[in-house]
Amino acid sequence: MNQPYKADICITLTKADAWIVISPNTGYMHLHVPDCPHCHHHHAHAPTDHPWRTAPCGKPYLLTIHEPEPTS
């Protein structure tokens, strides 16, 4: 049988914790990953609609996003 469509897929099971941070200089929101599970450096990502990201070190991970605690 002929396969008319082929797709390369990557299944990522590595998770990383990310915190929502507002930059005091620009006021823009970004997602901060303080400890990459691959290279153990910190990374920052723009907030988008999907939780999967490719870290600057080149490895993929899924973000678990933690919202900031409300201040009283």
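Is Ile 9 buried or exposed? Select Ile 9 and display its surface. Ile 9 counts as exposed, because its relative accessibility is 69%. Exposed means over 50% relative accessible area, buried means under 20%, and partly exposed lies in between (1.4 Å probe, protein chains only).

Before going on, some ground rules. This is a predicted model, where local features need pLDDT of at least 70, side-chain atom pairs count only at pLDDT 80 or more, and totals for chains, interfaces and linings use all residues. Residues are numbered from 1 along each chain as its sequence is written, and side-chain values use heavy atoms, with hydrogens and water left out.

**Stop 1**

Ile 9 sits in the segment before strand S1 (15–22).

**Stop 2: the whole chain**

Switch to cartoon view. The protein chain has five strands and zero helices. Its order along the sequence is β-β-β-β-β. Strands (E, at least two residues) and helices (H or I, at least four) are DSSP runs, numbered from the N terminus.

Now show the surface of the chain. The accessible surface is about 6000 Å², and carbon and sulfur atoms hold 56% of that. These areas come from the Shrake-Rupley method with a 1.4 Å probe; for residues, only the protein chains shown count as cover. Of the 72 residues, 18% count as buried.

**Stop 3: the cysteines**

How many disulfides does a search of the whole structure find? The search finds zero. Select Cys 36: it is in no disulfide, and the nearest cysteine sulfur, that of Cys 57, is 3.8 Å away. The cut-off for a disulfide is a pair of cysteine sulfur atoms within 2.5 Å. Cys 36 is buried, at 0% relative accessible area.

Next, select Cys 39. Its sulfur is 3.9 Å from the closest cysteine sulfur, in Cys 57, which is too far for a bond. Cys 39 is partly exposed, because its relative accessible area is 24%.

**Stop 4: His 43**

Finish on His 43, in strand S3 (residues 43–45). His 43 counts as buried, at 6% relative accessibility. Show its contacts (heavy atoms within 4.5 Å). Not counting residues up to four places away in sequence, His 43 touches Leu 31, His 32, Val 33, Cys 36, Ala 55, Pro 56, Cys 57 and Tyr 61.
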